[in-house]
Amino acid sequence: LFSTNSTAHAAMFSTLFRQGVRAHTVSVLLSGPTLSAASYVRAASLTTVPAKHAQKNTREFDIAIVGGGLVGLATARELLLRHGADGLRVCVLEKESKIAQHQSSHNSGVIHAGIYYAPGSQRAKLCVEGMARTYEFCDKYKVPYDKCGKLIVAVTAEELPRLKALYERGKQNGVPNLRMVTPREIQQIEPHIRGLAGIYSPETGIIDWEKVAIEMCRQFKEAGGQVKLNFEANGFDETSDGKISIRTAFGQSVSAQNVITCAGLYSDRVAALTGGQSDPLIAPFRGDFLKLKDEYTHLVNGLVYPVPNPAFPFLGVHFTKTMKNGEVWLGPNAVLATAREGYSWTKINLADIWSYVQHKGFRKLVFKHWKFGVGEFYRDVVMSAFVENLKAYMPTLSTSHTERGPSGVRAQALAEDGSLVEDFVFETNRVGTGSAQVIHVRNAPSPAATASLAIGRVIANRAEETFKLPNKAH
C-alpha cells in the first residue's frame with residue numbers, strides 16, 4: 001500500500017483506519033493522486049456503509065437505483081424496509097457529490113394537499129397519500145415542518161366558476177378539511193391579501209425537502225444500502241451472466257440484476273441508454289423567484305396561490321412562506337431553460353437546447369403558447385412586471401419590497417402532440433436479450449416531492465412483480 005509515496009500514504013492510511021474505512025477502498029484511493037487526509041475520508045465515505053451492514057461485494061447488487069433525489073431515495077428505502085432482512089442488495093447511484101441537488105432541493109418547499117390534479121390520476125391519489133405519509137414520517141423522525149395552510153384566491157369574476165370547480169375537484173380527491181372562504185375570511189387568514197372568494201386548505205404545509213431526503217438516505221444506509229456519489233451513469237450493458245453493467249465515463253462500474261431509474265431532468269436520456277423509448281422528451285423549464293425583503297416577510301402568513309388558468313400551461317406565480325430562515329418567495333414564473341441544469345441565463349448547453357428544439361412536440365408547444373412564453377420572459381427580466389402580477393392579490397405590494405430570489409428547473413415531459421404530460425409515468429424495458437429489466441420513472445412533476453413516499457411504495461410494488469421479488473406489497 002505504501003510503496004508509491006510511503007510517508008504521505010501511510011499518514012492517509014492511518015487516518016482512514018481510524019475512520020473505519022475498509023482496506024480495499026483505501027487501495028483504490030491510493031492509486032490516484034495524493035490528497036489531504038480529509039479529502040481521502042470524504043472520498044472513501046462515498047462508497048462505504050456502517051460495518052455492521054457492510055456487504056461482501058460493493059460492486060454487485062440485486063437492484064441499482066439511478067438518481068439520488070427524493071423519488072430514488074424513497075424507493076430505495078422502501079425496498080430495504082421490505083426486503084433488507086432477506087439480504088436484498090440495493091445501491092443508489094448519484095451523479096452529484098451530494099444527494100438531492102436538483103429538483104429535490106430546488107423547489108418551493110410545499111407539502112401539497114392534492115387539490116389541483118385530475119380525479120383518479122396517479123398525481124391526485126399519490127399526493128393525498130404522500131401528504132399523510134410525509135407528516136407521519138416527519139413526526140416520527142423529527143424532520144421540521146410548518147402546517148401553515150394555503151389560500152387559493154379568485155381575484156376576478158371570471159375566476160369564480162373555476163374556483164368552485166377546483167373546490168369540487170379537491171373534495172373528490174379526498175383532500176381533508178378543505179373549505180370555501182369569503183373575502184372577510186381571506187383577510188382573517190391573510191390580512192394583506194384581497195380576493196372575491198377563496199379555497200382554504202389548512203393541511204397544506206411547508207418543509208425543507210432536502211432534509212427529508214437526508215433522513216431517507218440515513219435510513220437506507222442504516223438498513224444496509226449503499227449510496228455511490230459522483231457516479232454519473234452513461235452506459236448500460238448486458239453482461240454474460242444476464243445482469244446489467246452500469247458504467248461512468250471515468251471507468252467506474254457496478255453490476256445489478258435489475259435497475260430502477262429516477263433520473264429527473266435526464267429521465268429520457270437515461271431511458272434511451274438502457275434501450276427504452278426516447279419519448280416523452282424532457283424539456284427543462286426554469287422557475288425564478290423574487291423574495292420579500294426581510295423587513296416585509298410579515299406580509300404573508302402562509303401560502304397564497306392563484307386559480308389556475310387552463311389557457312396557460314403552468315400554474316402561475318404565488319406567495320410562498322418557506323422554512324429557509326423565514327423567507328417568503330414570490331413566484332415562480334416559467335421560462336424555457338437554456339440547459340437541463342440551467343438555473344440562470346448564463347448557463348447555456350447547446351446540446352440540451354438542440355435536443356428539445358428539434359422535437360416535434362416542443363415546436364407545437366411553442367407555436368401554441370408563444371405569447372405566454374414572451375410574457376414570462378418579459379416578467380423574468382423586468383421585476384416591476386413580475387410584481388404587477390402579484391399586486392392583484394396584494395395591492396400594497398411594491399417592487400421596493402422585493403429582491404431577486406432562488407431558481408429551480410422543472411423537468412417537464414412533452415408528448416409528440418405538444419401537450420404537457422400531466423400524470424406520473426412509469427415504464428419498463430429489458431436490457432439486451434436476458435432477464436434483466438429496468439423500471440423507469442419517466443415523468444414526476446410536482447407534487448412528486450409530496451408524493452415521494454407514496455411513489456416509493458408504488459415502485460417497490462412494481463419491482464416485486466417485475467423483478468420476481470417476494471410480494472410484500474402494502
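This is a predicted model: local features need pLDDT of at least 70, side-chain atom pairs count only at pLDDT 80 or more; totals for chains, interfaces and linings use all residues.
Two strands are said to pair if DSSP finds at least two bridges between them.

Strand S5 has a partner in strand S7 (residues 197–201), and the two pair in the antiparallel sense over five bridges. Within this pairing, Val 153 stands opposite Gly 198 of S7. Strand S5 is also joined to strand S14 (residues 303–306), here by four bridges, and these two strands run parallel. In this second pairing, Ile 152 stands opposite Tyr 305 of S14.

Two packed helices are described by the angle between their axes and the distance between the axes. Helix H4 (residues 70–83) packs with helix H13 (residues 448–466) at an angle of about 45 degrees, and their axes are 8 Å apart. The angle therefore makes H4 oblique to H13. The crossing of these two helices, H4 and H13, is right-handed. On the H4 side, the residues making the contact include Leu 70, Val 71, Ala 74 and Arg 77, and on the H13 side they include Ala 449, Leu 453, Ile 459 and Glu 464. Sorted by class, the contact of H4 with H13 has eleven nonpolar, five polar and five charged residues.

Conventions:
Residues are numbered from 1 along each chain as its sequence is written. Side-chain values use heavy atoms; hydrogens and water are left out. Axes are lines fitted to C-alpha atoms, for helices over the stretch in contact, and angles run from 0 to 180 degrees between N-to-C directions. Angles under 35 degrees count as roughly parallel, over 145 as roughly antiparallel, 65 to 115 as roughly perpendicular and the rest as oblique. A crossing is left-handed if the near helix is turned anticlockwise from the far one by less than a right angle, and right-handed if clockwise. Contact means heavy atoms within 4.5 Å. Ala, Val, Leu, Ile, Met, Phe, Trp, Tyr, Cys and Pro count as nonpolar, Asp, Glu, Lys and Arg as charged, and the others, Gly among them, as polar.
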